[in-house]
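The sequence and structure come first.

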Amino acid sequence: MDSAALLSAPSRPRSSRRNLVFAGAAACACALALFAVFSGATGSTGLNSSLVATRPTLRTFLAKTGYSAAQAMVPVQQQRRNVAGSAVAPELKTAPVAKDFKEPRFMWQALREAVDEEMERDPNVMIMGEDVGHYGGSYKVTTDLYKKFGEMRVLDTPICENGFTGMAIGAAMTGLRPIVEGMNMGFLLLAFNQISNNCGMLHYTSGGQYKVPIVIRGPGGVGRQLGAEHSQRLESYFQAIPGVQLVAVSTPRNAKALLKAAIRSDNPIVFFEHVLLYNLKDEVGGPDEVQSLEHAEMVREGTDVTILTYGRMRYTVMEAVKTLEAKGYNPEVIDLISLKPFDLHAIKKSVEKTHKCIIVEECMMTGGIGASLSSEIHERFFDSLDHNVVRLSSQDVPTAFALELEAATIVQPEQVVAAVEKVVG
Amino acid sequence: QDHVFAQYRELGVFLWRGFSMQQVAHQCFSNVHDLGKGRQMPMHFGSRALNLHTISSPLTTQLPQAVGTAYALKQRAGEDAVVACYFGDGAASEGDFHAALNFAATLECPVLFFCRNNGWAISTPVHEQFRGDGILSRAKGYGMYGYRVDGNDMLAVYEATKEAREYAVQHNKPVLLEAMSYRRGHHSSSDDSSTYRPNDELEWWQNNNNPIDRMRLHLEARGAWDSDKEAAMRQAMKKQVVACLNEAERAPKPPIGDLFTDVYQEMPPRLKEQKAALEEHLAKYPEAYNLGKYAQE
């Protein structure tokens, strides 16, 4: 293509539209097939369009499934209206919501409620990621939200983590409050450049002119035979980044309350969910319940030893606690919640009471959250300790696929029991 | 109203927008008047008031961010702004280039992707950077239109950019612009380009295809410029620049306490501790630090 042809670009669209129509017709079959799948998956009846032009024409149908040829055929003015219209849908159809917040619900539902409530409360909040729109998210956290808020606010992105994280940062600097969903936290390694060099830094390097009120969330941790690449613990890698906050949730209640708080916070937050906790069922708080992003949660008060943990390991610890109680021990269990910064007040109070500390984490031994936390506790509370801090972490190996090998990689309740026995005596 | 995401060779854009030469000097000297509070490298300025996003060093990260801003603007109905992002021929090799163009095309955001193809990425000439037909040829792959323009012809660049912007606004679509030019200077003050490129190549461009000379000749041919005006302007500009630099050099650095602010919205306890520890240390060993250079808090 020579420059002359390109310089006359504005006159090209007419002929190319024709080509697009033919291409569109050809792709129709594919689109229909896809649409059928989505309809089945989300239970929608299809053509109740969230666009202003509501006649269920082929054009609207194609536009709804994201085929851009349709957009090219629609006159520009109407296109503009369609865009604005799809940003706020006139028809508010949502998935059924339990009226009584006391009714237990799954963690993924709790997270979904948090996103839903915050998006309703503040029109600047939006969520983006792979398959968050029609598909409802790989872990169902955004189920049907696109129907209520439109396809611009619940945005399906192409597969490029660095791309959409960068995009979210740009949008955040321009007044939006984006939530970035990583399909798996491990994929966010691809976005490390944007997260470290820009997300964490732009507020600082711009002299405070630009803020980045972004929430980067997704499932991480070791799952059930997901393989090494899908079992990453990114809190290890992110903990050094200046300017970001790290939060790890563990119950439906704290997940909802913390996500709401994270969305409202002006700081960039990396929000760690755990891949095996989505189907945990429990009560959640109402639309006004938010939880502090910087405070730990007391899980079980005790006197013998302080056990610090977070995420899924909380349940491993509580499993061990059953055995320990039977053996006559009285451990204090604290869920860290805030991985950066650590809630040193809560930790201090506990260590000064028990004089012993065990950290139970899913990170690897080398360079994990436990490594940093252990050094902090030794440096600050040395005089209160009767025993060095004991760290129970995962092995420094990639997580194998075989079930037994995987189980041997992470901390098991028996190890927690053994550690308490050793430390307390 | 248009937002700008620059790389680091867009001083002209900043000056055009109203970012004063004095502010440029302040930023380069990282002093107390710098809007960035002395935190970024020279030439990495930013001004929210002028919609000029603070420049960050990693290449091409500004491209997906520009798309994000365009996406945010797109949701405000009636907004006729575009987002212009600038980058070089080398930066276009980064993965973020692909991400940004792909996203802008699929999301149909009004972004102007402006590539300064100046032939060199530090010591890497374009024929080692890519084998395709420049950067423009990639636009087609993403379903985007583009322009290739003689980057040393100021009027052509103006016309092409204007047309591209109108297209972007009217059709809500991204456009790629490739301006062909030559990097006459070294990559930066840490570079000596004579080690990797021939002097006669440089001289040829300087003498035969120099954008400033071309503009000057054009204006002289129209009777709007002459050698007297030239001499007067050069003198005046030099004086102004030197004055700006002097003033910037005289100004104190930002207060030491600013080291810890703006990391988060509010200073967390850990940073307060670190700040207190540093202040204690400085009080004890003042002679080891040039404390007089810093502004008081």
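Between chain B and chain A the count is 2 salt bridges, a salt bridge being a side-chain nitrogen of Lys or Arg within 4 Å of a carboxyl oxygen of Asp or Glu. Arg380(A) pairs in this way with Glu273(B), with the closest N and O atoms 2.9 Å apart. The elements giving two or more residues to the side of chain B that touches chain A include α3 (62-74), α4 (95-107), α7 (154-171) and α11 (269-284) of chain B; helices are DSSP runs of H or I with at least four residues, numbered from the N terminus. The most residues on this side, 9, come from α3(B).

This is a predicted model, in which local features need pLDDT of at least 70 and side-chain atom pairs count only at pLDDT 80 or more, while totals for chains, interfaces and linings use all residues. Residues are numbered from 1 along each chain as its sequence is written, chains are lettered from A and ligands numbered from 1 in the order in which they are written, and side-chain values use heavy atoms, without hydrogens and water.

## Extent of the interface

In contact (heavy atoms within 4.5 Å) are 58 residues of chain B and 62 residues of chain A.

Phe113(B) is in contact with residues including Leu63(B), Val67(B), Phe87(B), Leu101(B), Met144(B) and Leu177(B), leaving aside neighbours within four places in sequence.
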